[in-house]
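Hi,

Here is the structure I promised to hand over.

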Amino acid sequence: MAEPEVHDKLLPLDEAVRTLIPDGCRLRSCGIGLRKPMALTYELIRQRKRDLTFILSGWTEDADMLIGAGCLRDLEGSYLGLEAFGLAHAYRRAVEKGIPHPIRIEEYSNFGMTMRFMAASMGLPFMPIRSELGSDLLRVESFRHPKAHVMDDPFGSGAKVALLPACPADVAVLHAQRCDSDGNTQVWGQLGDDLWGTMAGKRILVCVEEVVDSKVVRADPNRTIVPAFRVDAIVHVPWGAHPYQVQGYYDLDREFRKMYAAESRTLEGFERFLKEWVFQVGSHAGYLKKLGPVRLKRLKAKRMLSGQVNYGY
Amino acid sequence: MAIEFKPTELMAICAAREIRDGEVAFIGTGLPMLGGMLAKATHAPRAILIFESGAVDSRPTRTPLSIGDACLVPGAAMLCGLAEVFGLFLQPGHVDVGFIGGAQIDRFGNLNTTVIGDYRAPKVRLPGSGGGNDIGSLAKRTVVMMKQDARKFVPQVDYVTTPGYLDGPGGRERVGLPRGGPAVVITDKGVYRFDAYTKEMYCASYHPGLSADEIRKNASWPIRIAADVRETKPPTVQELRVLREACDPEGIFLGGAD
């Protein structure tokens with residue numbers, strides 16, 4: 001007997017953002033250098049979300065845009081820059097000049113943030129690490145008191161560790177390659193901090209390039225990083241990570257990232273970018289239309305299929 | 001006739017020379033990527049390049065734009081995530097050499113990539129640690145790559161993002177760091193190493209065309225110059241050719257756009 005199809009988790013982008021991400025919530029984003037939930041980021045800006053706490057190990061344009069648009073109050077993370085494209089200027093304006101309003105940031109290292117997500121994922125209050133010792137990351141606090149605690153190994157090895165508090169999220173967003181209609185979600189390529197970060201979400205929202213038949217997922221279950229029973233909502237949003245890469249789907253749009261890096265240097269340029277690429281396009285469909293089929297075709301991934309394994313026994 | 005080259009090219013080449021064949025190298029964005037690729041293509045074919053987003057033993061065929069670039073995936077030996085790369089390889093001491101960048105450094109190799117000025121009211125807000133602190137804390141040795149002037153080589157950094165030797169000999173041990181520390185600093189002016197006893201940075205070589213005086217002018221403490229200081233070995237024809245043709249043909253990191 002065929003299983004009934006379950007579609008009730010599948011939501012349009014605007015509805016998912018409206019119902020799952022209220023003002024003031026602790027929102028975990030995803031992706032280090034790729035697979036960033038950009039369509040969702042633009043939608044947060046369009047819905048003029050306020051006072052979000054944004055948590056992730058490594059941010060780039062996603063956090064910079066949300067800061068510039070006035071959506072964030074607090075950040076907990078490790079890195080905020082545009083990678084090869086330079087410094088994050090909306091972030092700089094907020095920290096250096098309080099434009100559009102001051103923000104607070106609690107900083108850890110990348111490994112530290114990942115271990116904080118791991119603690120939250122595992123239902124633990126904290127995790128120990130051996131980096132950050134002796135640095136100002138442990139000494140300088142912003143809004144978490146204390147942000148860390150250094151202790152000697154209670155079992156007598158003589159090692160020192162820094163204990164870092166768990167970093168749970170109200171909602172974790174994961175941009176993934178595909179899921180089935182139940183929400184069994186598969187990711188391939190580098191995982192960054194996405195496994196532990198996503199599991200740190202009390203609720204999980206997945207944005208996917210494709211919704212596939214359950215048979216496809218179940219034929220290769222090693223690639224699943226979130227099982228359906230942890231997923232609260234699915235948004236089907238092809239090209240939803242543009243201008244970033246999604247392995248097997250599309251490459252990064254270098255020209256777009258360069259353009260943002262240049263525009264965002266000034267407040268006027270940043271506002272022009274938002275107007276043109278976020279507000280005037282109105283929706284993800286409008287954004288894709290503005291990018292146009294020629295540009296998208298150029299970014300489409302080449303075919304480099306994996307080998308196959310035998311799951312037989 | 002002398003070969004023409006850019007300071008960024010010499011920096012990438014100096015970085016490559018720091019990787020020994022067979023070593024596990026932890027690579028950050030930018031010139032270190034070119035250094036790693038160049039080392040593998042020349043004297044260190046068995047070096048293992050690992051990236052914090054989760055790619056292990058990558059063999060990229062184009063210039064990666066970030067540590068998460070999808071071009072690090074095809075042909076890699078293993079893909080995992082940040083917790084695994086940091087937790088399973090770096091923290092227990094399996095990484096021989098780590099590469100990090102910096103905006104400010106002091107004479108004990110402490111590094112700042114967080115703020116210029118007061119933390120609460122900074123003049124320039126920089127990106128922050130990323131994986132820099134973890135790499136500099138836990139790799140067996142660290143290579144620092146940065147641009148140099150007297151405002152970047154300072155007596156005391158505005159924020160210790162990544163500890164070097166902290167306050168000198170025994171500094172790392174006192175705070176509980178298990179190993180490591182900066183072995184070399186590569187700038188657009190010269191190559192610096194650390195005294196085994198005092199843990200103080202000294203100039204080991206200045207780049208072709210510069211002098212010890214130039215080095216002193218570009219540090220705001222009386223920087224030590226090695227007794228046997230010499231000119232940095234210029235790029236070989238082969239190093240330059242591989243770097244330009246195979247590692248960064250578009251000049252993304254070499255181009256001098258920075």
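This is a predicted model: local features need pLDDT of at least 70, side-chain atom pairs count only at pLDDT 80 or more; totals for chains, interfaces and linings use all residues.

A definition to start with: two strands count as paired if DSSP finds at least two bridges between them. Helices (H or I, at least four residues) and strands (E, at least two) are DSSP runs, numbered from the N terminus.

Residues are numbered from 1 along each chain as its sequence is written, while chains are lettered from A and ligands numbered from 1 in the order in which they are written.

On to the strands of chain B. Strand 11 (residues 182-186) and strand 12 of chain B run antiparallel, paired over three bridges, and they make a hairpin with three residues between them. B:V185 has B:Y192 in strand 12 as its bridge partner. On strand 12's other pairing, strand 13 (residues 201-206) of chain B is also antiparallel to strand 12, over five bridges, with B:R193 bridged to B:Y202 in strand 13. That hairpin has six residues between the strands, and B:K199 takes a positive phi near 60° in it. Strand 12 (residues 190-194) of chain B has four of its five residues buried, so it is largely enclosed by the rest of the structure. Buried here means 20 or more other C-beta atoms within 10 Å of the residue's own (12 or fewer is exposed, in between is partly exposed), with C-beta atoms placed from the backbone.

B:A25 counts as buried because it has 25 C-beta neighbours inside 10 Å. Leaving out residues up to four places away in sequence, B:A25 touches B:I19, B:G36, B:A47, B:I48, B:L49, B:D96 and B:V97; contact means C-beta atoms, placed from the backbone, within 7 Å. The C-alpha atoms of B:A25 and B:A47 are 7.1 Å apart, with the two residues 22 apart along the chain.

Then the interface: 46 residues of chain B are in contact with 46 residues of chain A. Helix 4 (132-138) of chain B is one of the elements that supply at least two residues to the side touching chain A, and helix 4 gives the most, with four.

As for chain A, it has 12 helices and 14 strands, and buried residues make up 50% of its 313 residues.

Cheers

Terms used. Two residues are in contact if their C-beta atoms, placed from the backbone, lie within 7 Å.
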